[in-house]
Amino acid sequence: MEVSSQAYKVNRVHGLTFDVGAFLNISPDHISDIEHPTFEDYFRCKRRLIANSRSLVLGADCDHRDLLMQDAADAGVKVTEFALHDAARGLTSPAQVIARVDPENKAGFIVSVNGSDLRPMELDMSGEFNVTNAAAAVAIAIEAGVPESDPSIAAMCRVQVPGRMERVKAGDGLLVYIDFAHNYLSVKSLVDEMVRTYGERRPRITLVSGTTGGKAVDRREGIVKGALGRVESFIFTLDDPNYEDPTDIARQMQSYVTDPTARTQIVVPRELAIEKAIADAREHADRFNIVLVIGKGDETRNIINGKPVPYEGDGAVVRRVLGE
């Protein structure tokens with residue numbers, strides 16, 4: 001189960017002790033008047049998972065790792081670390097569970113547990129960050145008592161999550177990805193993956209994004225910051241504005257685009273924003289285009305003025321526009 005920082009802040013999981021707790025990463029998020037007033041408060045609440053777990057799975061490359069390790073030591077909690085290993089980029093970790101790209105298959109990976117390799121695997125969900133999550137899943141399963149040789153370890157390879165790295169191909173010159181990315185870390189990871197996978201083709205990347213109203217206000221800058229310097233076109237749109245004016249949110253996000261070469265547009269109706277992104281990509285058919293539609297994944301509603309308003313869904317809009 002996922003346990004949020006807010007669950008600890010309001011004692012929603014009071015009395016629960018987890019056999020295995022997993023702390024994947026930390027970056028500023030959920031900061032607002034109705035969530036956490038500061039990053040310090042957010043981090044403090046999120047760290048409470050450690051003292052309420054019998055063992056901890058921790059991302060070895062996580063920010064503030066030393067403090068998290070100290071928390072675990074103070075609570076007498078055993079720690080198993082996981083990491084993505086890439087010597088070419090200086091990512092070499094002493095973690096017990098390490099994932100690395102399979103040299104025989106660029107789309108595949110190999111997980112080693114305490115120095116011993118498991119059989120090669122490949123995920124149905126692409127993305128280096130998903131490989132990192134796979135390493136976390138292996139560490140959690142093993143810590144929970146699943147033998148590392150058990151066939152169930154490979155079950156995650158066939159997992160697909162609607163709206164998570166959902167790829168729609170429109171010929172050789174255009175790819176559309178639909179994803180839940182909604183803050184600095186997830187957007188940066190998504191764009192990093194596009195550059196890693198398609199960088200040789202010098203892609204023209206368009207980002208379609210809005211963000212929530214009334215909370216997590218740090219996301220407005222974070223989403224833009226995670227994409228700056230790599231995204232050539234930003235289209236800001238509606239995404240659960242609640243009681244705020246979606247145009248005001250979009251203008252605020254637009255103000256954070258400091259790249260003078262990047263194009264920015266505001267198209268508030270989300271369906272029209274997606275249509276515009278695909279139309280613009282087709283106008284640049286001399287380039288390889290990637291359109292990233294982020295934030296909502298497979299959700300089919302928007303929260304407007306406190307009420308859920310039905311929405312066609314990003315995937316449905318993309319396929320309709322592409323004639324699929």
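Reply: Helices (H or I, at least four residues) and strands (E, at least two) are DSSP runs, numbered from the N terminus. Two strands pair if DSSP finds at least two bridges between them. This is a predicted model, in which local features need pLDDT of at least 70, side-chain atom pairs count only at pLDDT 80 or more, and totals for chains, interfaces and linings use all residues. Residues are numbered from 1 along each chain as its sequence is written, and side-chain values use heavy atoms, with hydrogens and water left out.

Me: Which residue in the turn between strand 14 and strand 15 has a positive phi?
Reply: Strand 14 (residues 301-304) and strand 15 (residues 307-310) run antiparallel and are joined by four bridges. Isoleucine 304 stands opposite lysine 307. The two strands form a hairpin with two residues between them, and the one with a positive phi, of about 55°, is asparagine 305.

Me: Which strands stand at the edges of the open sheet of six strands?
Reply: The pairing in this sheet is mixed, and the order is 8-9-13-10-11-12.

Me: Are helix 8 and helix 9 parallel or oblique to each other?
Reply: The axes (lines fitted to C-alpha atoms, for helices over the stretch in contact, with angles from 0 to 180 degrees between N-to-C directions) of helix 8 (residues 270-283) and helix 9 (residues 314-322) come within 10 Å and cross at roughly 45°. Angles under 35 degrees count as roughly parallel, over 145 as roughly antiparallel, 65 to 115 as roughly perpendicular and the rest as oblique. Helix 8 and helix 9 are therefore oblique.

Me: Which residue forms a salt bridge with glutamate 128?
Reply: A salt bridge is a side-chain nitrogen of Lys or Arg within 4 Å of a carboxyl oxygen of Asp or Glu, and the structure holds 27 of them. In the one with glutamate 128, the closest N and O atoms are 3.6 Å apart. Glutamate 128 is in helix 4 (residues 128-143) and its partner, 68 residues apart, is in helix 5. That partner is arginine 196.
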